[in-house]
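Here's a quick tour of one protein model, meant for someone seeing it for the first time. Take a look at it, then read on.

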Amino acid sequence: MTSILATPATAAPPLGVLVVDDEPVVLEQIAAALRRRGHDVTLAGSAAEAADLMARRPDIGVVVTDIRMPGEDGLTLARGLTGQDETTRPEVVFVTGHATIEDAASAVRIGAADFLRKPLRAAELAAAVAAAMDRAVSRRGAGVAPAGLQDTLTGLTGRADLVGRLLSPHAGPVGLILIDLDRFRLVNEALGMPAGDAILAATAQRASAAVSRDALVARFGDDEFAVLVEGEAGVAALPALAEALRLAVTQEIGDAGTRRTLTASVGYAASWEGDGAACLHGAEAAVRTARGRGGNRAASLSEAEAEGGLRRARIATSLGAALSGAGCGIALAFQPVVRASDLSLLGFEALVRFHDPALGRCDPDEFLPVAEEFGLMGALGRRVMAMALDAAASWGKAGLPFGRIAVNVAASELRDPAYTATLTGMVAASGLAPAVLCLEVTEGEALPPEALPTLAALREAGYGIAIDDFGVGHSSLARLRDLPATLVKFDRRFTERLPGTEPDRALLLGMVRLAGALGLATVAEGVETPAQLAALREVGVGACQGYLLGKPMPSDEVPGFLRGR
């Protein structure tokens, strides 16, 4: 995947770009990327603010807007533009954290130039805005916008046109194949952007040559292509065509010193009833299944269903809708953490829960990996943090001493260079002190290098830093020394063995003493019996949590719990 950050700035276009998003960090990131491309960028934090700006700024040629925002959403904003003069109406590029069929259909019906999924890829954003700007300039010059929404690099049908055709009524069977180039980002890093663009153009030609004239080939993403087939014969031949396309786009790239084979993950789905929306859902689940198997293969919807890929896709759609405000189902439960010696309250751990009316209850072990896979973890982390801070602030205002609130933070969140600024702003807005918050980093995750200075800075600012689930993941004693932590939480699997054998107790005693020598507090998870609690006290664990000491409870039950202690 190419990067606009490495592209020299070009002359500013004659028309400006208005970026609309309710998340300030996302707003600034999009603006910075587009300004590096030479665009004149104006920012709006809401649809209402954007509408007011456009009423006063006839030079806005392109609007880049989030679909789901509090209050008036991006779709409503775009619908308001349809009444404007056709020659001066801005082009709209939608951004969505969850590319649901409903959002895609709405965007296409409104006449969107394109729609992009979060997390945004810089090259995709730049290409979409550039194409939309070309249409806006053409419309103002000739009075009519170009009829098609073609991809400028490959000449193929663009994503919006493909989805529009896919979602239109079909009299007969329809099938869709998605092609995702494996590890294309590494190709760009090794060969450079111009070479990467040439490979994408060549891939488009290879794919087009491998299909019949009746099939529609489109560029579906930065390094993704799609093939739409219709009719009984085309759908019946879908598995063979998917494999043929995989072979067709496989190619040798690079020069003698960097020679490598570029492969692809291919997924396909069909509907004999002509349901294009089902094809899109199914093909996306199938291509993820192919990618999860290591790439360089084709997978069908039935294979995705067998491996749970379709359920993961549906969870992602539902979770994304909940995160954007279009749905509900995200909640927090707070589990008490107590001092081992006297059971006095030290605080709570905030545990995220998710329930979907159609899918039922989704366990964290199921939906958290989905959030990572579909790029939703950042938004989920911000939502959980906001809910935890709001709850703690309300307890504080009621005069209830609640101790410290522990919130889990994913390793992927710490890769975001804006994470510290975002967290600091949220905590300041809540009126709470940094010391009230403990950030729990799961020990089982491999932390990126950039996470260590981020955690060190947060610890310096007064936040607690906990190593969660210690002892079962990427464990090494050196991690206790190297991570800028203040606390270590022993995984529940240690507690489950207690009172256990003498070696079990000796191992736990050794870890407690090592943590103490390094200045780290200790917490044991999963305490469910008095015998386990007694054993933990014996080895000197400082704090405990578990069903014996307090079950997770909704935030509205916490005040009664605190008053009853």
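## A sheet of strands

Two strands count as paired if DSSP finds at least two bridges between them. Strands (E, at least two residues) and helices (H or I, at least four residues) are DSSP runs, numbered from the N terminus. With that in hand, look for the open sheet of 5 strands, which runs β2-β1-β3-β4-β5 with parallel pairing. At its edges stand β2 (41-44) and β5 (114-117), each with a single partner strand, so one side of each has no neighbour in the sheet.

Zoom in on β1 (residues 16-20): this strand pairs with β2 in the parallel sense over 4 bridges. There, V19 sits opposite L43 in β2.

## Where the numbers come from

This is a predicted model, where local features need pLDDT of at least 70, side-chain atom pairs count only at pLDDT 80 or more, and totals for chains, interfaces and linings use all residues. Residues are numbered from 1 along each chain as its sequence is written, and side-chain values use heavy atoms, leaving out hydrogens and water.

Most residues other than glycine have a negative phi, and most peptide bonds are trans. R183, not a glycine, has a positive phi of about 50°; look for R183 in the loop between β6 (174-181) and α7 (184-191). L343 has a positive phi too, near 65°, and lies in the loop between β13 (330-339) and β14 (345-356).

How accessible are they? Buried means under 20% relative accessible area, exposed over 50%, and partly exposed in between (1.4 Å probe, protein chains only). R183 counts as exposed at 53%, and L343 as partly exposed at 32%.

Finally, the peptide bond from L498 to P499 is cis, with omega near 0°. P499 is in the loop between α20 (492-496) and α21 (502-517).
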